[in-house]
Amino acid sequence: MEMVVRRGMGRGISAARRSFSTSIEAEKPTGEGKPINLFSAINQALHIALETDPRAYVFGEDVGFGGVFRCTTGLADRFGRSRVFNTPLCEQGIAGFAIGLAAMGNRAIAEIQFADYIFPAFDQIVNEAAKFRYRSGNEFNCGGLTIRTPYGAVGHGGHYHSQSPEAFFCHVPGLKVVIPRSPQQAKGLLLSSIRDPNPVVFFEPKWLYRLAVEEVPEHDYMLPLSEAEVIREGCDITLVGWGAQISVLEQACDDAEKVGISCELIDLRTLIPWDKDTVEASVKKTGRLLVSHEAPVTGGFGAEISSSIAERCFLRLEAPVARVCGLDTPFPLVYEPFYMPTKNKILDAIKETVSY
Amino acid sequence: MSAFSALKTIPSHPIAGGHRRRSSPFLSSLTNTAPTGHQLHSSAAISVSLSHSVIAPGRPVRAVSANVVSEEKQLDGSAFPVISREEALDLYEDMVLGRTFEDMCAQMYYRGKMFGFVHLYNGQEAVSTGFIRLLTDGDSVVSTYRDHVHALSKGVPARAVMAELFGKATGCCRGQGGSMHMFSREHNLIGGFAFIGEGIPVATGAAFSSKYRREVLKEACDDVTVAFFGDGTCNNGQFFECLNMAALWKLPIVFVVENNLWAIGMSHIRATSDPEIWKKGPPFGMPGVHVDGMDVLKVREVAKEAVGRARRGEGPTLVECETYRFRGHSLADPDELRNPAEKSRYTSRDPITALKKYVIEHGLVAESELKAIDKKIDDLVEEAVEFADSSPPPPRSQLLENVFADPKGFGIGPDGKYRCEDPGFTQGTAQV
């Protein structure tokens, strides 16, 4: 399948140059469903969402022909151009349009082509979507709104096709922020997000669109929001992450194990409102916490986790909370590997924290 | 023929005696002088293609000025009133309600009864009344930060609007919004939008919903959405984004510009490269109409056609209503920037006085009846204040409600109680 990209992104997403095993490949097959990649899982979820609600719509830039990442393939043919349609390239207008549509009792599933392009829509999302229910005293709400957008590094994306802007949206009461780590998770969490009665910003790890392959049940299922998942149990240190970073953390866990460090790995899944209890329980057990995300470290969501856990687990912590995140630079072009919170950086921080 | 009257599409009413002229280099290039018509769509002669702005061959691209600043009066020469007695009474009552309500707001604001910033609508009543009184209950209105009167015209009771301004539990948003946040699901008022232009895409989405219900779900839905915004907003990107989308998808929406000539402290003429906003319709493939926003009858005529077009599924219209606010931008604005001569020029064209004169001269209504309406509205607004003043404040739980659909986990703690019920809530020791 040809990848179609625009706005100066010259290469396809599929050919990541470094090895990038995902947590999913390590997971046991569930025995149901076919192995599919992440964009196909998203595609399945969108099919189900439109199938099960005649007033659900998918729209955004290029979604009519399947989208630049193929997530919306086949939807327009199946559900018609009245429900699956291209918008002009105007993110602020798209977001506002989606809010109006949702306010009239519809399920508006808007796609912002890259998370980097979400900033023109930031005003609408922050000032209108997040506050619609509150400032109208519940006369109206735009709970039917879900904004899907691909985020994160992809190996060669450069400044404007690689950013992770999730923390901005976590600072806005009234929004939910959800990020899946794998195809199975993506399908279940996306369906939950679409059906959740609150506006949700759903970030999709674009690096995993093709790389992550997992058996995904074909039926309609939902995974709970605001519930973190302990995906590997351990006793020496708790690692918290989300999205594509989970697979990097998982590799770090494997390497740590070889030097005798037992890591507990938690996928936060929903960033807002986040599952403090699960993280707290884990840190109370291990006494140590490391948070890792691709976004720059300063003001990233890791800071919020670090602070909250320090408040809740101060007397149980045996080391400062470690943050292994992106650098405080714009997302770089050539030196992306130096910017990224790589496995080795995480492994070093694990060792340091454990031997603090 | 005035500078603006290259195209006259609606009868000019005697109350419209304007005094303002603007240079109009663009219009001088038009050679067409269309005959007077009563409906924009009905006359090929007024569907003038602006040759240099046609972007879609075959699509009618029209720009129409309703001769708003004509010095001439009684151009149609008609002695017959263009409205019925019932309509006259309704329009008059609605405009007086808007004016009286806003004057009362000023009093209450200065007495410290209101929260937040308050922007009054005085002077612009012909626009709200001219458009909204034509709408059905199912039609939607999207407003701005100057939204009290739009709410009233749409039928939201004055007491509910006043109580909202007082931040009381009986307000139309339960006191959770305030002045710039009037919503009513019952009346399909989809809100005041305090940020410039933010209501326009929301209105566009609502209009799409109506079209979908009608054309795809085959529901009996011919609802129209009317988006109000000001001249300042017409320099904002969302305006252009949505003109494009609405025309592209032929949505049942009317974009109503309330051009009161001032964007807070910035003169429209100084802020906009081409101040004739209505001319921005045709480049997007929709009619642009210019109308005297101080003349409710003219506004109503234009509104009839624009709303009718939307209802018939013929797509959006851009209407520029040239109006003026009689007060400062907000009640915090001392209004020192505007030239007193300009102000008095417009106050002398007070839309309520003009309508009054028209209906009396045409023998539609006796002066005593209008006085009775004035009295009725005075009482109504007084009652609204009493109602608002005596209403209870919202429960403290309001602070934590409606952030998310379900307050559990956010507003409601693990014990199942609102966190604000914790005695420590106001002492800053409870976790919220």
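Student: Is Lys298(B) buried or exposed?

Tutor: The model here is predicted; local features need pLDDT of at least 70, side-chain atom pairs count only at pLDDT 80 or more, and totals for chains, interfaces and linings use all residues. Buried means under 20% relative accessible area, exposed over 50%, partly exposed in between (1.4 Å probe, protein chains only). Lys298(B) has a relative accessible area of 1%, so it is buried.

Student: Which helix holds Lys298(B)?

Tutor: Helices are DSSP runs (H or I, at least four residues), numbered from the N terminus. Residues are numbered from 1 along each chain as its sequence is written. Residues 296-311 of chain B form the helix with Lys298(B): α8.

Student: How far apart in space are Lys298(B) and Gly130(B), C-alpha to C-alpha?

Tutor: In sequence, 168 residues separate Lys298(B) from Gly130(B). In space, their C-alpha atoms are apart by 7.9 Å.

Student: Which residues have the most contacts inside the largest nonpolar core?

Tutor: A nonpolar core is a set of buried Ala, Val, Leu, Ile, Met, Phe, Trp, Tyr and Cys residues joined through side-chain atoms within 4.5 Å. The largest one has 194 residues. Those with the most contacts inside it are Phe131(B), Met162(B) and Phe255(B).

Student: Which helix gives the most to this core?

Tutor: The helix spans residues 85-110 of chain B. It gives eleven residues to the core. It is α1 of chain B.

Student: How many residues of α4(A) are buried?

Tutor: Helix α4 of chain A covers residues 91-103 and has 13 residues. The helix is mostly covered. The buried count is 13 of its 13 residues.

Notes:
Chains are lettered from A and ligands numbered from 1 in the order in which they are written. Side-chain values use heavy atoms; hydrogens and water are left out. Helices (H or I, at least four residues) and strands (E, at least two) are DSSP runs, numbered from the N terminus. The expected span of a helix is 1.5 Å times one less than its number of residues.
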